[in-house]
Amino acid sequence: MTPNTDRPKARSGLKTLAGLIPFLSPYRRRIFAAGIALVIAASATLAIPYGFRQLIDLGFTTADTQKAAQVNVYFLALFAVACVLAASTAARFYLVSWLGERVTADIRSAVYAHVLRQSPEFFEVTQTGEVLSRLTTDTTLIQTVVGTSISMALRNVLLLIGGLLMMFITSIKLSFIIVVMLLAIILPIVMIGRRVRKLSRASQDRIADASGLASERMNAIAVVQAFAHEVHEARQFGNAVERAFGTAIDRVRARSILTVTAILLVFGAIVFVLWLGAHAVMEGRMSAGELGQFILYSAIVSGAIGALSETLGDAQRAAGASERLLELLAERSPIASPEHPQSLPARAANGSRLELEHLNFHYPSRPDQPSLADLSLDIAPGETVAIVGPSGAGKTTLFQLLLRFYDLQTGNIRLDGVDIRSLKLQDLRNAIGIVPQDTVVFSANAMENIRYGRPEATDAEVIDAAKLAAAHEFIERLPEGYQSFLGERGVRLSGGQRQRIAIARALLKNPPLLLLDEATSALDAESERLVQRALEAAMVGRTTLVIAHRLATVQRATRIVVMEQGRIVETGTHASLVEAGGLYAQLAALQFNTH
Ligand SMILES: Nc1ncnc2c1ncn2[C@@H]1O[C@H](COP(=O)(O)OP(=O)(O)O)[C@@H](O)[C@H]1O
Ligand SMILES: [Mg+2]
């Protein structure tokens, strides 16, 4: 994994969880209802020791009938309190778990939608597997916090405060001693808690590393197997998993220390104070019922402190996880629609006009290596311009800039007279159809794959596009025709077939500007002839830029632009360029065997 050190440092600690507030605020009413259930349940819990004290002090060993009736009432009251406790606890559980599930679902969708909008620059430094791991494991941690920890924490804070209050009412002296001891205890607990949070972020990071590695290698399974690297890759993954295990165990260890410290210190303090209390009863300074009540309240208080230290650990784990998710959400794509976008003029009958003025561009990761240098070109509506040049000349880069995957360092690109930076990204990309160099086929059937070009297209329109792209015939011959599943990334097709699917998709979109990046490179001679004819038909009524590596494509272009090292070195027609005897003439002699 490449750590992105430029990322703004997220606020650390539990404050990070405040970043979740926007996700909680739509559900204010439920939170309020859960809060009420919580307060009722805590009050019911706190009422129980008080009831016990009455019972103990009344005594069980008497035949007095009046007392017996009173005992009955107390038991009934105790049972009523238990009923309230049961109902309110269940209500709290339901409401709070609902919130946890809801917020997790919302965060998942928000992060995914956000990641989809990131520019290619983001994906150059982020592994997709890492993002997926954040979407699954990190959100699960947040679910724990929102769905349990927050309500546990609130409940225990209430019990702690209420219990302490009742302890003080029962016996000021004993309570005072206990509280002083507890204060001395909390400090080490908080410090260990902090360490747990750090380790928990580290352990989530290691898991994301392992997932990132695995998903990259699985996507290239054919390469892994062809090089017989299965054992090696499995070991690599095993190592990553071991590292994740190691960090997880560090966290568990810190957490165990936290637990043992908390329980020992808290119970030690309480036992000590109870010993004092027992002597007070024996000396008649306190009633047995009072001591019983005090014992129950101190049990509630120490239970609350124990539970709080547990939840603190959980909350800190989740703080680590949400820190990472919120970082993702805070990621701002440098490529975004302007606030007040201009709109494109209505589509002209023969396609778009394209003006490129002094384009200078280097990839963000290669500041010293210009990929385009002072490139200027005017393309009239309806023109077909072929771009040729050796591999690495910047041809694909030019297409990426037209789609505004990156912004230029200097220069302007105007589509129909409008600077593409002042267009809504969606409008710009809707006006462009592209058949990329590396065709992409999704794990869906042929029909759906072509329809990706225009989701509202009818079946008949999809089939027409397939016919134009010379794809209809081979699709018909698939076992289930257009309904045939093409496999993940189209593994069930040959390269040439994938390319024709991609062409059909672009043709279905029917854009005023068509970009073909070596669109016929993977085709055999026969299907190339078919596709060539299809593309010619497709070029009618639109402007087409075609990165070409075959003479046949080039010769039909109205103009040929020859690129080398990010610059235009020659332009002209086939005949004039061959006559000039420059780079084009050399490439033509070699039949453009470039990529
Ligand atoms: N994402 C990228 N990050 C950095 N450099 C890149 C990236 N993509 C391409 N390049 C570099 O930009 C130059 C032009 O590449 P490209 O436009 O793909 O060439 P081609 O003319 O073969 O399509 C090459 O030197 C290449 O190494
Ligand atoms: Mg290329």
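## Helix packing in a predicted model

G284 sits in the loop between helix α8 (230-282) and helix α9. Helices here are DSSP runs (H or I, at least four residues), numbered from the N terminus. This is a predicted model: local features need pLDDT of at least 70, side-chain atom pairs count only at pLDDT 80 or more, and totals for chains, interfaces and linings use all residues. Residues are numbered from 1 along each chain as its sequence is written, while chains are lettered from A and ligands numbered from 1 in the order in which they are written.

Is G284 buried or exposed? G284 counts as exposed because it has 7 C-beta neighbours inside 10 Å. The cut-offs use C-beta atoms placed from the backbone: buried means 20 or more others within 10 Å, exposed means 12 or fewer, and partly exposed lies in between. From G284 to L516 is 97 Å in space, C-alpha to C-alpha, and 232 residues in sequence.

**Two helix pairs**

Two packed helices are described by the angle between their axes and the distance between the axes. Axes are lines fitted to C-alpha atoms, for helices over the stretch in contact, and angles run from 0 to 180 degrees between N-to-C directions.

| Pair | Axes come within | Crossing angle |
|---|---|---|
| α5 (128-170) and α9 (288-330) | 6 Å | roughly 155° |
| α13 (459-468) and α15 (495-509) | 8 Å | roughly 125° |

Helices α5 and α9 are therefore roughly antiparallel. Helices α13 and α15 are therefore oblique. The classes are: under 35 degrees roughly parallel, over 145 roughly antiparallel, 65 to 115 roughly perpendicular, and the rest oblique.

On the α13 side, E461, V462, A465, A466 and L468 make the contact, and they meet A504, L507 and L508 of α15. Contact means C-beta atoms, placed from the backbone, within 7 Å.

Helix α3 (residues 65-116) has 52 residues, so at 1.5 Å a residue it should span 76 Å; its end C-alpha atoms are 76 Å apart, which agrees. Helix α2 has 31 residues, so it should span 45 Å; its ends are 46 Å apart, which agrees. The expected span is 1.5 Å times one less than the number of residues.

Buried residues of α3 include S88, R92, L95 and L99. The buried residues of α3 pack against α1 (21-24), α2 (28-58), α5 and α9. In α2, the buried residues include A34, L38, T45 and R53. What covers the buried residues of α2 includes α3, α5 and α9.

Terms used. Helices (H or I, at least four residues) and strands (E, at least two) are DSSP runs, numbered from the N terminus. Two residues are in contact if their C-beta atoms, placed from the backbone, lie within 7 Å.
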